[in-house]
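Colleague: Could you walk me through this one, strand by strand?

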Amino acid sequence: MRFKRFAEYTVAFVLVVLVVSLGLGYVLGQPVLLAYVETGSMEPTLEAGDGFVAVPAALAGDVEQGDVVTFKAEELHGGAPTTHRVVDVHENGYITQGDANPFTDQSRNEPPVTDGQVKAVALQVNGEVVRLPHLGTGVMALQDGMQTVEGTIAGIFGWQRLGSTELTYLLFGGGVILFGASLLAGEGNRDRSASRERSRDRSGVIDSRYLLVACVILLCAGATAAMVMPAGTESYGIVSTEGSGSANPTIIPVGETDEFEYTVHNGGFVPVVTYLEPRSGGIETQPEQHRLAANESANSTVTLHADDDTGYHVESMTEYRYLLILPPRIIDSLYVVHPWIPYLAVNTVIGTPLVVFWRLFGGTSDRIRLRRRARSRTGGFFD
């Protein structure tokens, strides 16, 4: 029975990880932990519909020749995320190519890929990409099925269509939640069969620790969204031309520079600190850091450098934003180590007081009664 229980929890955990990673990947527009390819351009490494473990670019380290990367394309597939292998590294970016393609992406008018465009790197073990067969096939089949179901329901009731992808993740996530709830219910049934009296004592109560965890998750999720959503990577397509300057700052004579003002704004109530980090060699920002109070804006001068040869290339920069609930010097020092560490520190500061408060004032009892006992007509009580 213990093995069966362990297997149930393992399956539930895997499903939750699958749903969360695919759902976040859809919302953020980039792979999160798991991703898949839709075409055969990476065969035989990845066949159409195969999945892979996607390590976020911020954690993967420097991209090297031979890495399989997912990047935001400029020309390929209408600018959709593309998963190809890095076959060469140039000063102005990476040369990429699908394993099954006879030509590089750059020979098809795709400019060299910059670090700012790289969203994830496929995990490799002993030089081989960790492949998850048919992960994408299952997800796409589920999406097609949900599209048919959702279209039928919308037609009958006159609802506005949500879209197959949103509905897929919604229903899939709901199914995993129900599956997890069934595991908890099964555990509760085992406990009740072991102790009928204890079961009656717990009727109508909820473990306060569940509420604590839910509150901490909500607070941290809100704080993370406030830091991540307004920030992100900006890419600029630069045209190096033989002509004279242009009013458009991205059309620049070869070997020269142009600049424009980049505005950062804090629309929240909590002060923030922002960092502008160049992700390619042909872009500079000054200043690179701003501290913004509530509803405050600030400008940085962005300087773009054109290549010495005519053509089109991409320069990019990333904005990182953190809530100023820690001393600025601490955030600065953590940011230098890794841009993701301040996120963890801020969430720790936000969640810790709630945990301490619960331990001091609510930790003496781990149960909260959801309903009171009603008084019977004879003066007694019944549940």
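What follows is a short chat about the fold and its strand pairings.

Modeller: Quick caveat first: this is a predicted model, where local features need pLDDT of at least 70, side-chain atom pairs count only at pLDDT 80 or more, and totals for chains, interfaces and linings use all residues. Residues are numbered from 1 along each chain as its sequence is written, and side-chain values use heavy atoms, with hydrogens and water left out.

Colleague: How many helices and strands does the protein chain have?

Modeller: We take DSSP runs, numbered from the N terminus: helices are H or I with at least four residues, strands are E with at least two. On that basis the protein chain has eight helices and 21 strands.

Colleague: What share of the protein chain's residues is buried?

Modeller: Buried means under 20% relative accessible area (1.4 Å probe, protein chains only). Out of 383 residues, the buried share is 36%.

Colleague: In β4, which residue is the bridge partner of F71?

Modeller: Strands pair if DSSP finds at least two bridges between them. Strand β3 (residues 68–72) runs antiparallel to β4 (residues 81–90), with five bridges. The β4 partner of F71 is T82.

Colleague: And which residue in β5 does D88 stand opposite?

Modeller: β4 also pairs antiparallel with β5 (residues 93–97) over five bridges. Those two strands make a hairpin with two residues between them. Opposite D88 you'll find I95.

Colleague: In what order do the three strands of the open sheet come?

Modeller: β13 (257–265) and β15 (283–286) are the edge strands, each pairing on one side only. Nine bridges join β13 to β17 (residues 297–305) in the antiparallel sense. The order is β13-β17-β15.

Conventions
Buried < 20%, exposed > 50% of the residue type's maximum accessible area, 1.4 Å probe, protein only.
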